[in-house]
Amino acid sequence: MSVFKDAGHLIRFAGLFVLAFVVFLVVRHYVVPKSFGQYGHYRGAAIGEIAAHPMKFAGHDTCEACHTDVVDKKSKGKHAHVNCEACHGAQAQHADDPSTVKPVLPDTTVLCARCHTASAAKPKGFPQVVPAEHSNGMPCDTCHQPHNPGMDAPPADAQAKAAGGVK
Amino acid sequence: MNINRRQMLILLPAAAIAWKSVLAGTPEASPNYKMTDHWWGMLIDIPKCIGCGNCVRACQTENDVPDGNFRTWVERYHVSDWEMKNPLDIMTNPLTIPDVISPDGGKEGFPVASDTSGKYFFVPKMCNHCADSPCTQVCPVGATFISPDGVVLVDQKYCLGCAYCVQACPYGCRYIHPEKKVADKCTLCYHRITKGLTTACCEACPTGARQLIDLKNPKDPIHEFLKTHSVQVLKPQMATGAKVFYNDLDGSVR
């Protein structure tokens with residue numbers, strides 16, 4: 001016991017140190033999120049939270065499950081590899097509830113021009129026109145069927161529409 | 001078994017490292033998606049991009065990106081005939097730098113180019129999901145990180161909004177969300193790719209100029225593409241390990 005004779009002040013200090021360490025551990029337990037360090041120096045649960053973000057674009061596989069007629073039509077033309085939502089916009093809500101959420105039909109005058117307006121900046125091989133010269137402001141779907149835009153497959157009522165548009 | 005002090009000093013750190021790897025190997029909760037099976041990136045095929053801005057609009061819709069901020073944007077380069085004949089000199093001669101425009105991030109497309117001289121091309125930009133990303137290294141609180149499947153993400157509940165990462169990104173791909181006041185960036189549509197879908201920008205691209213790639217998938221066509229095409233990354237000299245690959249990228253792109 002002679003070793004500890006004059007060590008009282010050291011033991012008290014050590015006790016204080018141990019107590020502070022326990023307090024630190026308790027505080028740390030409550031402050032640091034459970035999943036911190038699960039995969040690295042970050043909150044592992046954050047990955048799941050980011051993955052839970054709601055989707056707005058349904059994806060072309062979802063569209064094609066129901067709209068098989070459009071898939072057939074598209075497959076024959078130059079727009080075969082253009083995904084549905086590239087033109088029709090985000091349709092996840094429509095896919096979730098097809099009967100109540102009805103997509104708005106795009107205006108072809110605006111929509112087609114986005115890609116097909118002639119510009120020296122576009123790749124040379126890409127089909128492009130000057131809309132004012134090409135159609136004189138008529139909607140593109142007067143003559144072209146957007147799902148298969150080639151002139152070998154015009155819309156069924158092309159003549160009637162053209163007659164209406166020219167007057 | 002007798003262990004002397006020297007052996008103990010070697011064994012203790014070894015045991016600590018072993019225990020850390022045991023903790024890190026905890027299997028993830030989702031049974032359908034295994035993070036360790038993927039290593040995501042993107043391929044951008046410059047000759048296919050027509051600058052329609054579909055990707056920018058799709059990204060804003062999908063991820064609720066506030067107006068004026070961009071997770072992806074498109075730049076249009078115009079290299080004039082004179083610029084093509086003279087060496088690029090960024091430091092001393094601004095005349096040699098090509099004209100770059102990106103009106104509202106290219107969201108509504110680009111003005112018609114009337115000057116037919118020189119060459120034009122579009123460069124879609126986005127987070128490069130770097131394997132050695134400078135942005136994740138500077139975060140003081142561990143709010144931004146590279147996920148085990150190679151996507152650079154932000155934990156918005158943990159982020160302080162100090163914007164160190166915004167400054168650290170050499171590609172300018174991060175911004176402070178004006179309402180949430182935290183760092184925001186491209187997540188590579190993590191909520192979509194983990195469900196087997198492609199990203200919103202790839203889904204909306206009409207020409208296939210953007211393609212999601214999985215470098216850990218041996219069947220992904222990217223492996224053949226990388227071998228048969230002249231593919232580059234942006235700022236390779238910064239050794240960021242960028243995983244957005246550009247096909248046929250012009251030397252003037254910075």
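Visitor: Which residue in E9(B) does Ile44(B) stand opposite?
Guide: Ile44(B) faces Arg210(B) there. Keep in mind that this is a predicted model.

Visitor: And what's the bridge partner of Gly41(B) in E9(B)?
Guide: Ile213(B) is the partner of Gly41(B).

Visitor: In which sense do strand E1 and E9(B) pair, and over how many bridges?
Guide: Strand E1 of chain B, residues 40–45, pairs with E9(B) in the antiparallel sense, over five bridges.

Visitor: What's the strand order in the sheet of chain B?
Guide: The order is E9-E1-E11-E10, an open sheet of four strands with mixed pairing.

Visitor: Which strands stand at the edges?
Guide: Strand E9 (210–214) and strand E10 (231–232) of chain B do. Each has a single partner strand, so one side of each has no neighbour in the sheet.

Visitor: Okay, new spot. Where does Val253(B) lie?
Guide: Val253(B) is in the segment after strand E11 (244–247) of chain B.

Visitor: Which residues does Val253(B) touch?
Guide: Leaving out residues up to four places away in sequence, Val253(B) touches Tyr77(B), Val123(B) and Leu234(B).

Visitor: What separates the C-alpha atoms of Val253(B) and Leu234(B)?
Guide: The separation is 7.8 Å, and the two residues are 19 residues apart along the chain.

Visitor: Let's talk about the two chains. How many residues does each one put into the contact?
Guide: Chain B gives 39 residues and chain A gives 33 residues.

Visitor: Which helix gives the most on the chain B side?
Guide: H2(B), with four residues. Helix H2 (54–63), helix H6 (190–193) and helix H7 (200–204) of chain B each supply at least two residues to that side.

Visitor: What kinds of residues are on the side of chain B that touches chain A?
Guide: That side of chain B divides into 20 nonpolar, 13 polar and six charged residues.

Visitor: Switching to chain A. Into which domains is it divided?
Guide: Chain A is divided into domain 1 (8–51), domain 2 (57–104) and domain 3 (105–167).

Visitor: How many residues do domain 2 and domain 3 of chain A put into their contact?
Guide: Domain 2 of chain A gives 10 residues and domain 3 of chain A gives nine residues. On the domain 2 side, H4(A) gives the most, with three residues. The centres of these two domains, taken over C-alpha atoms, are separated by 20 Å.

Visitor: One last thing: which residues of helix H7 in chain A are buried?
Guide: In helix H7 of chain A, residues 108–116, the buried ones are Cys112(A), Ala113(A), Cys115(A) and His116(A). Down the axis of H7(A), the buried residues fall within an arc of 165 degrees, so they line one face of the helix.

Visitor: And what covers them?
Guide: The cover over the buried residues of H7(A) includes helix H8 (131–135) of chain A.

Technical notes
Residues are numbered from 1 along each chain as its sequence is written. Chains are lettered from A and ligands numbered from 1 in the order in which they are written. This is a predicted model: local features need pLDDT of at least 70, side-chain atom pairs count only at pLDDT 80 or more; totals for chains, interfaces and linings use all residues. A residue is buried if 20 or more other C-beta atoms lie within 10 Å of its own, exposed if 12 or fewer, and partly exposed in between; C-beta atoms are placed from the backbone. The arc is that of the directions from the helix axis to the C-beta atoms. Two residues are in contact if their C-beta atoms, placed from the backbone, lie within 7 Å. Ala, Val, Leu, Ile, Met, Phe, Trp, Tyr, Cys and Pro count as nonpolar, Asp, Glu, Lys and Arg as charged, and the others, Gly among them, as polar. Two strands pair if DSSP finds at least two bridges between them. Domain bounds come from an automatic or database domain assignment.
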